[in-house]
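Welcome! Please take a moment to look over the structure shown here, and then read on for a guided tour.

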Amino acid sequence: MAQILAPSTQWQMKLTKNSTTASPITPKMWNSLVMNPKRRGVAKSTKFRVYAVKSENGTVNRMEDLLNLDVAPYTDKIIAEYIWIGGTGIDVRSKSRTISKPVEHPSELPKWNYDGSSTGQAPGEDSEVILYPQAIFRDPFRGGKNILVICDAYTPAGEPIPTNKRYKAAQVFNNEKVLKEVPWYGIEQEYTLLQSNVKWPLGWPVGGYPGPQGPYYCAAGADKSFGRDISDAHYKACLYAGINISGTNGEVMPGQWEYQVGPSVGIEAADHIWCSRYILERITEQAGVVLSLDPKPIEGDWNGAGCHTNYSTKSMREEGGFEVIKKAILNLSLRHMDHIRAYGEGNERRLTGKHETADINTFSWGVANRGCSIRVGRETEAQGKGYLEDRRPSSNMDPYVVTALLAETTLLWEPTLEAEALAAQKVAMKI
């Protein structure tokens, strides 16, 4: 990803009063040459389109007109889409409610509840789970002053449910030592687009394979780039929402893409990733394409999908920061398997030592080496300060878990001197 320079001013973002001046992404599906290979010529529109539905008697259902209704002149009420993480730990769920007036902070929103027995998060005989609003984003689908609300989940007694990873992350990021170090994160989210009817990557021949990897990374052309409309629509939707998205690119495997979120401070990074994933799910839903966060969607000589996490602290960014980075790498080496267990399901299929990955069982680090567990950039080495890149997290990792664990291991956890000395020797690092 591009070099991370400074965090966004959207840290602890509040909605501005003039947020309605931006044009929302209307709920229309775009015309796509990729989606419709029989169509010739250049697509004239990249707007979403919900196709009119013909009833049995031939009349046209004007659903598009209703979806585009501007209700602002008639009511102060807004629609809030409450979003939470489901029972698998990776699925996003949501439902809507009417709020009496626009709000600027999550504390102004009411708590809500849902049926946890239907999401694998509560038993049927005691199924109520309570949603606590935690972060607000503008809604790119409904526009206006409508909002998306990232929530975490609790029992009626106020205890975080097991799948609520945000709760522990907030405890880490509210620690005085962590607050003092102002941790920055830049997260590179890779994903794969699949054809909905066959669950095979977009642009691949059904039941067959494209040419070998090489021409697809950051490429242009109908024979090399598949799903650009989705990537671009997602990019703009995230900017509209207030997500600190910093870039996007086509990936090495055809049908695979990446976007970057950050630099963001503390828990904001994870909130932004979760909201960006929700928006991507909604866009692929409208496109009739399946979003996959599987770390190795296609076995064989194809790159997997990761979620590389760039990380720095205040001390790393100041003079002498390279020594602080090396000390952090030592700590990370000592807790390597703890991190691996927390870095996503199915990651062993991706971290093989091939395809720009390190072997899952061996910790390594290097300057500009993409085959290591931890990569340090050339510029960081040259300037003697900067950030490190943890290349181990998989595409389906929980950003609350990964960001908090990085802060905990490097700022709060203290190894014994003996363990530190052995680790320094093992990873050939002088401290």
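Predicted model: local features only at pLDDT ≥ 70, side-chain atom pairs only at ≥ 80, totals over all residues.

Residues are numbered from 1 along each chain as its sequence is written, and side-chain values use heavy atoms, with hydrogens and water left out.

**The whole chain**

- The chain holds 11 helices and 15 strands; helices (H or I, at least four residues) and strands (E, at least two) are DSSP runs, numbered from the N terminus.
- Of its 431 residues, 52% count as buried. Buried means under 20% relative accessible area, exposed means over 50%, and partly exposed is in between, using a 1.4 Å probe and protein chains only.
- Take the contacts (heavy atoms within 4.5 Å) between residues at least 6 apart in sequence: 67% of them join residues at least 24 apart.

**The nonpolar cores**

- The largest nonpolar core has 69 residues, and Ile243, Ile279 and Leu388 have the most contacts inside it. A nonpolar core is a set of buried Ala, Val, Leu, Ile, Met, Phe, Trp, Tyr and Cys residues joined through side-chain atoms within 4.5 Å.
- Helix α5 (residues 268-287) gives the most to this core, with 10 residues.
- Why does this core lie between domain 1 and domain 2? Domain 1 (68-161) and domain 2 (174-429) both give residues to it; the domain bounds come from an automatic or database domain assignment.
- A second, separate core has 17 residues, including Tyr82, Leu109, Tyr114 and Val129.

**Helices that pack together**

Axes here are lines fitted to C-alpha atoms, for helices over the stretch in contact, and angles run from 0 to 180 degrees between N-to-C directions. Angles under 35 degrees count as roughly parallel, over 145 as roughly antiparallel, 65 to 115 as roughly perpendicular and the rest as oblique. A crossing is left-handed if the near helix is turned anticlockwise from the far one by less than a right angle, and right-handed if clockwise.

- *α2 and α10.* The axes of α2 (residues 165-173) and α10 (residues 399-412) come within 9 Å and cross at roughly 30 degrees, so the two helices are roughly parallel to each other. Their crossing is left-handed. On the α2 side the residues that meet α10 are Lys165, Arg166, Lys168, Ala169, Val172 and Phe173, and their partners in α10 are Tyr400, Val401, Thr403, Ala404, Ala407, Glu408 and Leu412.
- *α5 and α10.* These axes also come within 9 Å, crossing at roughly 160 degrees, and α5 and α10 are therefore roughly antiparallel to each other. The crossing is right-handed. Ala270, Asp271, Ile273, Trp274 and Arg277 of α5 make the contact with Pro399, Tyr400 and Thr403 of α10.
- *α4 and α5.* Helix α4 (residues 228-241) packs on α5 at an angle of about 135 degrees, with the axes 10 Å apart, which makes α4 oblique to α5. This crossing is right-handed. Among the α4 residues that meet α5 are Ile230, Ala233 and His234, and among those they meet in α5 are Ser276, Ile279 and Leu280.

**Backbone points to look for**

- Most residues other than glycine have a negative phi, and most peptide bonds are trans.
- Where is there a cis peptide bond? One joins Gly262 and Pro263, with omega about 0 degrees, and Pro263 is in strand β10 (residues 256-265).
- His355 is not a glycine, yet it has a positive phi of about 55 degrees. You can find His355 in the loop between α8 (336-342) and β13 (365-367).
- Ala368 has a positive phi too, near 65 degrees. Ala368 sits in the loop between β13 and β14 (374-376) and is partly exposed, with a relative accessible area of 33%.

**Two residues and their contacts**

- Is Gln195 buried or exposed? Gln195, in strand β8 (residues 184-195), is buried, with a relative accessible area of 15%. Leaving aside neighbours within four places in sequence, Gln195 is in contact with Trp200, Pro201, Leu202, Gly203, Trp204 and Val206.
- Lys111 lies in the loop between β4 (92-99) and β5 (112-115). Lys111 and Leu131 are 20 residues apart in sequence and 5.5 Å apart in space, C-alpha to C-alpha. With neighbours within four places in sequence left aside, Lys111 is in contact with Arg97, Ile130, Leu131, Tyr132 and Pro133.
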